[in-house]
Amino acid sequence: MGQDIHTEINSIEQRVAECYKVKGYRCELCKSYCREKGLQLRGPLSFFNIGKDFERDQYKVVFVGKTHWYNKDQVEEIGFLEQSRFRDCRDDGTKMFLTRHSRFWGCIQDITKKLYPEQGSEELPDLLDRIAITNITKCNTSSDYRDTTPYYLTENCLEIFEEEVKALRPKHIIFFTGRDYDLYIDKLTFGYSVPPRDITKRTHKKEIKTRCSLWWWHREFCENNKMQMRFLRTRHPQGAPREIVDEIVKWIRKDKEILV
Ligand SMILES: [Zn+2]
């Protein structure tokens, strides 16, 4: 590979890039905070992937991680997305998905392969056309894969993340965030006026067949008595039992006939 993969921007990516321009001032606050505290800021960074067929997809799934792990040099090598101040992570997202860069990426690849069995494994890049992948926290100060980014940054970036989701209007949103971000994501309305309904509580653990369990917080957002978005917060795929893939596929498929 090595070549640029994304030389164009699709219409939905364009809409999200507009959110970054309008709400980008939030991450200016991240920058000034880090300058004041002497912290080395990496970011803000864009989403990793928004497929060109996402809006037409029957499941419309967004996969969400906590934050990125780029170091300063890596960030500075990346160009900006559409005149925004956000670095364009789309090429890296594609590469990490195709190479199963970490358990997070491998898990997303396994879920999408099972969700779209008609797509052969030689057509892996086509799976990316149907899904979206992003992070809650756009700015990061952590190193050594320990999440030490100050909460203040997450609070700022969170507003941008919410706008991103409002632009995407997913039918399914899956947080691979463990429990660390629950208090943040609990507050998010994603623009819906009706409060979400918890199907399982935040503290719920789903029993799976190997006598393991998975954190499994399932909530639903409705508007005008119609289901709009199903929300799942589960554990991070790193170190997760392999059944997490099948459980998530089952969860996504379950209500597809209700979501029109
Ligand atoms: Zn930020």
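## About the model

The model is predicted, so local features need pLDDT of at least 70 and side-chain atom pairs count only at pLDDT 80 or more, while totals for chains, interfaces and linings use all residues. Residues are numbered from 1 along each chain as its sequence is written, and side-chain values use heavy atoms, leaving out hydrogens and water.

## Where two helices cross

Start with helix H5 (residues 103-115) and helix H9 (residues 243-254), whose axes come within 9 Å and cross at roughly 45°. The crossing of H5 past H9 is right-handed.

On the H5 side, the contact (heavy atoms within 4.5 Å) is made by Cys107, Asp110, Ile111, Lys114 and Leu115. H9 brings Ile244, Val245, Asp246, Ile248, Val249, Ile252 and Arg253. Sorted by class, this contact has eight nonpolar, no polar and four charged residues.

Most residues other than glycine have a negative phi, and most peptide bonds are trans. Between Gly43 and Pro44, however, the peptide bond is cis, with omega near 0°. You can find Pro44 in the loop between helix H2 (25-37) and strand S1 (49-50).

Lys60, in the loop between S1 and strand S2 (61-65), has a positive phi near 45°. Lys60 is buried (under 20% relative accessible area), at 11%.

Asn225 also has a positive phi, about 60°, and sits in the loop between strand S7 (213-223) and strand S8 (226-234). With 83% relative accessibility, Asn225 counts as exposed (over 50%).

Notes: Axes fitted to C-alpha atoms, helices over the stretch in contact; angles between N-to-C directions. Helix = DSSP H or I, 4+ residues; strand = E, 2+ residues; numbered from the N terminus. Left-handed = near helix turned anticlockwise from the far one by under 90°. Nonpolar A, V, L, I, M, F, W, Y, C, P; charged D, E, K, R; others polar. Buried < 20%, exposed > 50% of the residue type's maximum accessible area, 1.4 Å probe, protein only.
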